[in-house]
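This report concerns the pairing of charged side chains in one protein. Please consult the sequence and the structure shown here while reading.

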Amino acid sequence: MAERKRRTEMKFLFDSLRNQIPASHGSKSSKWEILSKASDYIKSLENSCKANSAAQGQLGQVVQDLDVIRRENESLRAENHRLFQEMNAYRDARHANMVQQAPIPQHYPAPTASMSVDPSSRSLPPPHNVGHASSMQGVQYTDGVR
């Protein structure tokens, strides 16, 4: 009676183990096959666990690096803001000094004799057509000036 109970319990345990193995659902397998597949499955779970632990370690390092980068970014933003304010203060002070030293005229001064330009020096010499020039031949100047 005790032996029969032991065999029934063993059969129940092997069936439970077979149902826990992903590749063995519902298939008839020997006890040896069930044990070897269970062993392989446990090894694959251990490898997955190790890979997961390694990934968590890398994730922790990335989070730390990200925190360092965020602090550095905030520091650079603050420095950038400070430099921008400094630049504006310098520009405002420089502009104020320029206004005090040389006021901007409200109108331009009238032209003087030294500013005037002789209109004849800006015009081209009269054209000289050679022979019967057509309108598309262009213009030829007598003194070689263009």
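The model is predicted.

| Salt bridge | Closest N and O atoms |
|---|---|
| Glu3 and Arg6 | 2.5 Å |
| Asp15 and Arg18 | 3.3 Å |
| Asp67 and Arg70 | 4.0 Å |

Side chains of opposite charge can pair when their charged atoms come close.

**Helix α1.** Helix α1 spans residues 2-20, and within this helix Glu3 and Arg6 are three residues apart, a separation of about one helical turn. Glu3 is partly exposed, with a relative accessibility of 36%. Arg6 is likewise partly exposed, its relative accessible area being 46%.

Asp15 and Arg18 also belong to helix α1, where three residues, or about one turn of the helix, separate them. Asp15 has a relative accessibility of 22% and is therefore classed as partly exposed. Arg18, by contrast, has a relative accessible area of 12%; because this value is under 20%, Arg18 counts as buried.

**Helix α2.** Asp67 and Arg70 lie in helix α2, which covers residues 31-101, and they are three residues apart, about one turn of the helix. Asp67 is partly exposed, at a relative accessible area of 32%.

Definitions and conventions: Residues numbered from 1 in each chain as written. Predicted model: local features only at pLDDT ≥ 70, side-chain atom pairs only at ≥ 80, totals over all residues. Heavy atoms only, no water. Salt bridge = Lys/Arg side-chain N within 4 Å of Asp/Glu carboxyl O. Helix = DSSP H or I, 4+ residues; strand = E, 2+ residues; numbered from the N terminus. Buried < 20%, exposed > 50% of the residue type's maximum accessible area, 1.4 Å probe, protein only.
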